[in-house]
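Visitor: I am new to this structure. Please take me through a close look at one part, and then go on from there.

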Amino acid sequence: MKTIDDLISEGRVEGRRVFVRADLNVPLSDGAITDDGRIRAAVPTISRLAEAGTKVIVASHLGRPKGEHDPQFSLAPVAARLGELLGAEVAFASDTVGDSARATVEALADGRVALLENLRFNAGETAKDDAERGAFADRLAALADTYVGDGFGAVHRKHASVYDLPARLPHAAGGLIATEVGVLKKLTEDVSRPYAVVLGGSKVSDKLGVIDHLLEKADRILVGGGMVFTFLKAQGHEVGKSLLQEDQLPAVTEYLQRAKARGVEFVLPVDVVGATQFPDLKTKAPADPVTAAADAIPADVIGLDIGPESRKLFAAKLADAATVFWNGPMGVFEHPDFADGTRAVAQALIDAPGFTVVGGGDSAAAVRILGFDENAFGHISTGGGASLEYLEGKTLPGLSALED
């Protein structure tokens with residue numbers, strides 16, 4: 001896979017128009033960015049290209065608009081923040097392939113950066129029809145001479161700007177994608193042991209594929225979050241009003257049996273923290289938390305976090321790990337009454353002696369929201385879904401498109 005190092009060393013970017021597919025899909029609240037982690041992750045590649053005298057054309061999606069312009073999903077706030085981080089104004093096109101995009105690119109000087117409006121404002125970006133996607137990719141290709149794929153959080157999507165566009169232009173991987181792939185290879189090809197995996201999040205169905213694959217690779221799998229209650233139910237425990245995916249009980253039971261047969265340690269919480277009602281995440285009003293043993297959850301309680309004994313247990317299971325991969329919070333970390341489990345796991349990764357990876361998505365957001373130093377972890381991924389699909393052994397369209 002060619003990288004931007006190759007492009008720069010070969011003198012193939014100076015004075016040329018380089019299309020950078022980044023992942024700037026950041027959370028917004030009333031038009032304000034609440035977590036700029038993905039923008040900051042995109043800066044090194046954009047800066048290197050700009051410093052090399054490139055006309056840098058950045059593009060990304062944001063949210064899930066339905067193929068048409070929707071102001072609440074505009075990238076305008078992202079353009080402003082990107083400019084602040086780069087220390088130079090970023091020109092902003094009010095469309096993706098229309099008059100504004102063409103004029104913005106045409107006016108772009110060497111070493112300067114432009115950002116196109118949300119790619120998903122055009123239905124061709126996410127179309128399942130190859131011809132429709134291809135037609136949109138053709139219009140994007142007309143804006144540039146070279147393509148750099150650096151939006152790791154989108155490489156598992158067969159979208160026009162991710163999959164079809166690289167086939168139409170000379171292409172290379174950006175620094176972020178090169179780093180992400182290098183990290184994932186450490187988790188799959190030459191793993192230092194003990195290898196511990198921590199999985200959380202709400203639905204076990206979202207993690208079935210990765211659990212299935214990791215049963216062949218991991219030494220320990222620790223499970224928390226809403227998904228854990230399906231595991232507890234599979235062990236014969238009542239889970240009160242907690243999230244439960246009954247249709248996944250057969251698969252979960254099989255995984256527990258396979259783990260035992262293969263000698264993989266499957267670690268579940270021994271206690272949980274919950275409440276009789278789901279907490280108000282907007283006001284953060286006190287929720288009267290209840291702590292209960294994992295095998296004695298009251299019928300009127302919703303499990304919302306792992307309990308104090310479970311936090312100690314999980315920390316102990318990570319204390320000697322040479323490799324740790326964590327994807328998914330341990331509870332409803334957005335509310336202070338149910339953030340301690342996620343906080344304890346983050347701290348356990350910091351304390352672990354080995355290589356630690358926070359697998360993107362809500363886990364990465366939790367690390368920042370809870371105030372941890374991002375540099376204390378081995379790596380914080382920008383792509384939760386992409387990381388999981390890679391670990392499942394799937395072919396990711398955006399990576400295969402960058403191969404020579």
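Visitor: The charged end of which residue sits over the ring of Phe 355, and how far is it from the ring's centre?

Guide: It is Lys 186, with its charged end 4.5 Å from the centre of the Phe 355 ring. A charge sits over a ring if NZ of Lys or CZ of Arg is within 6 Å of the ring centre and within 35 degrees of the ring normal. A word on the ground rules. This is a predicted model, where local features need pLDDT of at least 70, side-chain atom pairs count only at pLDDT 80 or more, and totals for chains, interfaces and linings use all residues. Residues are numbered from 1 along each chain as its sequence is written, and side-chain values use heavy atoms, with hydrogens and water left out.

Now to rings that meet rings. Rings of Phe, Tyr and Trp (its six-membered ring) pair if their centres lie within 6.5 Å; planes under 30 degrees apart are stacked, over 60 edge-to-face, the rest tilted. That rule gives 3 aromatic pairs. One of them joins Phe 231 and Phe 266. Their centres are 5.3 Å apart and their planes meet at 35°, so this pair is tilted. Phe 231 belongs to helix α9 (residues 228-234) and Phe 266 to strand β11 (residues 265-267), so the pair ties together parts 35 residues apart in sequence. Helices (H or I, at least four residues) and strands (E, at least two) are DSSP runs, numbered from the N terminus. Phe 231 is buried, at a relative accessible area of 0%. Phe 266 is buried too, at 18%. Buried means under 20% relative accessible area, exposed over 50%, and partly exposed in between (1.4 Å probe, protein chains only).

Phe 372 and Phe 377 also form an aromatic pair. This one is edge-to-face, at 6.4 Å centre to centre and 75° between the planes. Phe 372 counts as buried at 15% relative accessibility, and Phe 377 does at 5%.

Next, helix α11, residues 308-318. Its buried residues include Ser 310, Arg 311, Phe 314 and Leu 318. They cover an arc of only 105° around the axis, so they lie on the same side of α11. The arc is that of the directions from the helix axis to the C-beta atoms. Why can such residues line up? An α-helix has 3.6 residues a turn, so residues three or four places apart point the same way. Lys 312 and Ala 316 are exposed, on the face of α11 turned away from its buried side.
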